[in-house]
Amino acid sequence: MGIIIPRMVIQQNLFGSGLSRLGHTRPQEDSRELLVKIEGIIKNIAPPNKLIITSRLEILLEAFSTEEITNCRINKQHWEDLTITDNSVLKKFWIEFAKNSELPQRIIDLVKDKIEEEEKQSLLQIGQLNFVANVEPEKLQEQSVEDIEHIARYNSENIAKSIQEKNKAAAEILAVLGFCSTVIDPVSFIDLGYIFSDDQKFYAINKRDSFILTPGGKEDPFPKYSDKYDLDNTILEALEYLEERQLIRINDQEILFSHPNYYEASRYLFCPVSKIKQKKLLTYLKRSLSCLNPKTTQLATKQFEFLYTNAKSAFKNEILNLAIETLSSIFPGVEDSGLLFLMYHIDQLGREDVKTVVRKIQQGGTNSERIYWYNNKIPYISQQGGLFVSHFRSSDINVELIENIKNRLKREERVSSYEAWTYINNLDSATIENVALLIPKTLLQQNEAFIRKKVASIFIAKSPFDSHYEDLIGIAINDEHPDVVFSTVKALVLNWTSFNSIQRHIVIDLIENALKKRAIAIRMYNFVTEFETDYEDNLIHRNWKDFTPDEKKSIWQLWGRLYLTFSEDLPLSVYTNTGRFGLTMDEAMKHLDVETGVRVLEKWFKRIDYQVRNGKILDEYELAVADNLIFLTQKNHKIRSHIFDDLISHQETDFLLSSLKWIVGAWNYLDITEKDKIIGLLKSDRTDLRWIKAVLLNSHNPPKEVLHELFGDVDFFCRNYEDILDEFSDELLEDSLHVYCGFPQPLWWLAVHHHNEPFWGGLIRYILVNVSPVGFNICLEEFLRNGVNGFPETWNDGFKVWEQVCDASDDKRLLADSLIFNCARSVYNFSNTKRLWDTLIDSYAKDGNEDEIISIIVENIELLQHTDGKDGIFRIFKKEFFFGKIFPKLIGDNFTCQLINEISDDSKDKIIDYSIFLNSEIRLLATVEILKKKIEKHKVPDEFKENILNISKRIKSKGEVVLDKMQTKYEYQLPKWFSFRPKISVF
């Protein structure tokens, strides 16, 4: 049996260094959070391990809001006041310090006498005596004992000021060292050389947006510095100055601080400096974040909070921008630290940066499949890799190595990140169940979140529930990284049916408390809103078939508790897969009891309300609370009355109309009081009343009560179309046609369109073939949008209708413009579109106006090539028509093709002057293609090649300009439509 090696962990300055008194931290808020964490850590320390926590006395008392140290207890543990009160002990220390100093004997004696005479509660302490021993002798030469004592009691701020006054170069170096080293973690001369260099390459930042997977592909190589960086004499002299005064230690080309006070002094050097100096230091900080040593780089990220709090206001955004940069770090731990900082400052970020942070949280950070290992030591993120490549093949792993790692973990020894990851990836299910929970507790101390995430996932999902398991959950669910918490919660949900009632109570309390943190809620959002569906993060769906009906009900009740914990004011940029969300809500309503379901729908309503009031566009799935409300409550109108009333009285037109669509569709489930409220809307003075009427008339089966209220006839839709058009007001008819056709937006998004096709489809045909003036343009757009994309079954008579429209219309230019517009904005169906053009051209010819349609086509030739490029235009017109009547009008294309034909391929060795083509107005992409092929066979100067290739861009650009102009004709804001968004447009 191996020897158990006790471990001792020292946490210095737990509650800060006293900077809070200057407004640099938030002591009360941070102290409470720290105390909770420390309580949990102390509870889980197994003997003979020790945790030592230090704090300055005054800061400790402030943290506990008390004046007595005896009141500062954590889990019944009391604090030991380490202040030395024995004069003789302190005198011995002073004598030893003085031996190695250059202080004059007078100063040594003054301090010794002061120690002998001083009251016990006022004695100078060891660190203060050591500081005095290293002060320049000339500074103390004429000082009184009181002055010397004052110098000895310098705090970190005083030390910083002293260095700044005496040696500005040393002060700058010390500030930078504070970014990237501590009393424990050093910075190398190599990394420091890079930080102080002029190198503009940021090696540890990779901003490539996409991850490239290829068969047999390899990962990105670990980057290397492009130069050997030497520290100049000014920096070396500054380091010598700091080392001589014992502020830093230099060992084996590495630098670290000699005492926490001096580390804190380095941080002060950032605070009071000028804007110019801060900007310079921020440049050093950016390089610190780009070093190729992950420890150095991560130390820099952990300075964000302090730096942000103390930076001049002009530079706060720069610090946030640097934090955003770390989300592209090649080091997972750095990405983690940057994300944690940004999570706490998300309210200070711009809109796009909020989207970036929220997306990163929802994604859970970088997928471990993209993490590779440099020299089996450093994890780094690659932006490319091979398909089906495993980073850890069990067959390649030394069994003895795994056993060695396991034994060290059992002894609670810290293992490297690589060793931890190797061990985790070579565990099978049987092994996991038999592993002592001491091992995962140790593994949860790893620096990188991707490791802790997997530890939480596999051990919490497989381990039996006992006191050790509960401790493990407590550690994992209180992790600072949302992805670790997410994996913990997911594992607990998967284990839900195996827990007894007491265990479930413990688990749900832990989960609900975790979800109160916004970042955790963001990470959990997709898991909860896509609970029913099968996707990467959701394993519940795959196990549904294994659950009994009672177990399913229990899991859905748990889901209800989780959903209710979400705050309705999560950031607007939180992504929702709306289709999956809709399926989840539909399924939830089948399993939840009515009371819980109604509470869920209340929460859903509040989320919708928050989003629309802040200008977010929601689709039909996100707005469908009314559909689920009716399904859940059936004819129990009393239990839903408060939500029902909120739905039909909502200020936002989008939300109201979407709700009415579902409500009127369930008319038979409504109580008479609810129906009366809907009819009451038709008598209201709402600004958007016209659209309420239009949507109600576009229901699948408009209620007779609605028809009676609007037209005085419950059988109004049974009349002939001529009578119906006579009764409709122009406004109501056009509004109703807009709703049916689904444009302009948001009518399509709201899914209020194309209901009751037998009635509205017939009315549209009647308006078209009779060229009825009211609503004709709307009906024409609806018709041609369907036509160029291929008529659906509902338009099986489409070509016949088109013939009638072309024959009956006196304004064929309107038809031509609409057909051109719909061709330009669609990837059209060639055969359908050709028949539509043939019919329209024939109609022009019958009227003796063929030249007019030819001119219209020539005028818009660029537009007609907008979506189908160089070939499409030849497929929508008859060959003889295009080449016989259109092509001759394209003078530049005619000239170019004729000239190309005159150039023999035999002259390919000659230099041909192609500049003549640049002066011709080529308008067909096909002509450019012919020209490009000819160029390939001849010697043509590169400048002409480039200019000729630019002709295609000019043609496309001209088409886009014309399309934009045409589109503006159809872009307009719906009148009398209330929205919190600034504008609603058609397409």
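Predicted model: local features only at pLDDT ≥ 70, side-chain atom pairs only at ≥ 80, totals over all residues.
Q: What makes helix 20 (residues 417-424) largely enclosed?
A: Of its 8 residues, 8 are buried, so the rest of the structure largely encloses helix 20. Among these buried residues are Tyr418, Trp421 and Tyr423. Their cover includes strand 7 (371-374), helix 19 (399-410), helix 22 (438-443) and helix 23 (449-462).

Q: How do you know which kind of aromatic pair Tyr194 and Tyr203 form?
A: Ring centres must lie within 6.5 Å to pair, and planes over 60 degrees apart count as edge-to-face. Tyr194 and Tyr203 are at 5.4 Å centre to centre with 70 degrees between the planes, and that makes them edge-to-face.

Q: Why is the pair of Phe874 and Phe883 called stacked?
A: Stacked takes planes under 30 degrees apart. Here the planes are at 10 degrees and the centres 5.7 Å apart, so the pair is stacked.

Q: What makes Ile617 partly exposed?
A: Partly exposed is what lies between the 20% limit for buried and the 50% limit for exposed. Ile617 has 38%, so it's partly exposed. Ile617 sits in the loop between helix 31 (594-613) and helix 32 (625-633), and together with Trp748 and Trp749 it forms a nonpolar patch on the surface.

Key: Residues numbered from 1 in each chain as written. Heavy atoms only, no water. Patch = residues over 30% accessible without salt bridge, like charges linked within 9 Å, V, L, I, M, F, W, Y side chains within 5 Å. Areas by Shrake-Rupley, 256 points an atom, 1.4 Å probe, with all protein chains shown as cover. Salt bridge = Lys/Arg side-chain N within 4 Å of Asp/Glu carboxyl O. Helix = DSSP H or I, 4+ residues; strand = E, 2+ residues; numbered from the N terminus. Buried < 20%, exposed > 50% of the residue type's maximum accessible area, 1.4 Å probe, protein only. Contact = heavy atoms within 4.5 Å. Phe/Tyr/Trp six-rings, centres within 6.5 Å; stacked < 30°, edge-to-face > 60°.
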